[in-house]
Amino acid sequence: MEVVLFEDSLVEQLYPITVGRPAFGVTVGAYRLLDLAKRLGGRLSALVRPHLAEITALDYGLPAADLAAESILFLNARAVPSVSAVRQLEQRVRTGASGVVTWEGRVVAAKIDRSAAADIPLPSWSSLTAAPPADWKRLVESLALPDWDIAWPLMEYPHHVIQYHMEMIAEHLQDRIAGGNYRQLQDGLFTAENVRIGEYGTVDASQGPIVVEAGAVIGPYGFLRGPVYIGANARIIEYAAIKDMVTVGHTTKIGGEIEAAVIEPYSNKQHHGFIGHSYLGSWVNLGAGSCNSDLKNTYGRVSMEYDGKRVATGMQFLGCIIGDYSKTAVNTAVFTGKVIGVCCMVYGFVTTNVPSFTNYARVFGQISEVPVDVAAAGQQRMFVRRNVAQRPCDVQLIRDMYELTRHERRLGSEPLVL
């Protein structure tokens, strides 16, 4: 069986999170969809946006999809990485039958036998990314695929990553503990090999466990309140407070106070300052004293602005979304519900969304574009610090992201949005 992780036409609504990564590579809770899809058996492959094809093959180990395979299981890359949903799908697939899972009219998963669809062309990347997805509707109806009754949401906007992260993390940690090789150092604290924990720390697992992966270092006088997931080789700085639904990716440096947040691999937030109900991409660096607000002064629900459109989130606590490779200067303050794009350099007070590839010092009356060559040079310097080799495809990704986000840079004309 060919298991095809495919990106559909709404994947771009998850920008800036998905500008430089496939949607199945986004961390939600303590898993990526890719991690759970490996449990479905068969050959795992991908249908992704063209600029991510090489990165997907090299960094995620996924070849291009073979649509000539006899049996294909399509899985939408925007699907929430739900352990329970994947288990239900696995049970359905084992029967050998075909079927479909939908969410609000979109295909989440579809199992198709090639023999039954011999005269019907299967969806290509271009048709999957078309809007509306007419090919899918026609295919499902032509094959009379039975509806597999699995409640499986799709993420539509960036704040959904934070929303489902908070909903999923407890389930994910229990699954990791059940299937992993961890020691329980004390009640609710589970560690893999070669974890170092400093003295005088405090652990509170009353609301959920703390799982620490191999090679992580936790400094002295720290506070960990679960549910918390700390990735391999992460470094938690002394006096840090990591609490309540936090996932810290591998090879990160984290300090200060973190609450209800996802921090992807290779990012740094190692100084004092608060980050809450937020998502930070990879290779992000937050200067000392950088903070975000995750609650409006009115205590009302937060609305986000995406591509000029206001979207009600229904969430009272919602911080910021920060794309890959973005940086903040010391004492940067990010207002509630703001989006910072990829490859940005941010200073002062962030009162509006920040377009990708922007030097943003709006409080000082200065907004300018980050040249693509400057961003690529910065990437190379960051990689050297983590002993990561910069490949031609990494530089090309920077250039592709620059072109894909060109429409965002309506510089100097944004109204003040509180």
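This report describes the surroundings of one threonine and several aromatic contacts in a predicted model.

## The setting of Thr252

Thr252 lies in the loop that runs between strand S16 (246–248) and strand S17 (253–254). Its relative accessible area is 1%, so Thr252 is buried. A polar atom of the Thr252 side chain lies 2.8 Å from the backbone oxygen of Gly249.

Leaving aside residues up to four places away in sequence, Thr252 touches Asn233, Ala234, Arg235, Ile263, Glu264, Pro265, Tyr266, Ser267, Asn268 and Arg386.

## Aromatic pairs

The structure contains eight aromatic pairs. One of them is the stacked pair of Tyr157 and Tyr306, with 5.2 Å centre to centre and 5 degrees between the planes. This pair links distant parts of the chain, 149 residues apart: Tyr157 is in the loop between helix H5 (134–143) and helix H6 (158–179), and Tyr306 is in strand S25 (residues 302–306). Tyr157 counts as buried at 11% relative accessibility, and Tyr306 is buried with a relative accessible area of 9%.

Tyr221 and Tyr239 also form a stacked pair, at 5.0 Å centre to centre and 5 degrees between the planes. Here the two residues are 18 apart, with Tyr221 in the loop between strand S11 (217–218) and strand S12 (223–225), and Tyr239 in the loop between strand S14 (235–236) and strand S15 (241–243). Tyr221 counts as partly exposed at 40% relative accessibility, while Tyr239 is exposed, with a relative accessible area of 58%. Together with Tyr200, Tyr221 and Tyr239 form one aromatic cluster.

## A charge over a ring

The ring of Tyr402 has the charged end of Arg409 sitting over it, 4.5 Å from the ring centre.

Definitions and conventions: Residues numbered from 1 in each chain as written. Predicted model: local features only at pLDDT ≥ 70, side-chain atom pairs only at ≥ 80, totals over all residues. Heavy atoms only, no water. Helix = DSSP H or I, 4+ residues; strand = E, 2+ residues; numbered from the N terminus. Buried < 20%, exposed > 50% of the residue type's maximum accessible area, 1.4 Å probe, protein only. Polar contact = N/O pair within 3.5 Å; in protein donor to acceptor, adjacent residues only side chain to side chain. Contact = heavy atoms within 4.5 Å. Phe/Tyr/Trp six-rings, centres within 6.5 Å; stacked < 30°, edge-to-face > 60°. Lys NZ or Arg CZ within 6 Å of the ring centre and 35° of its normal.
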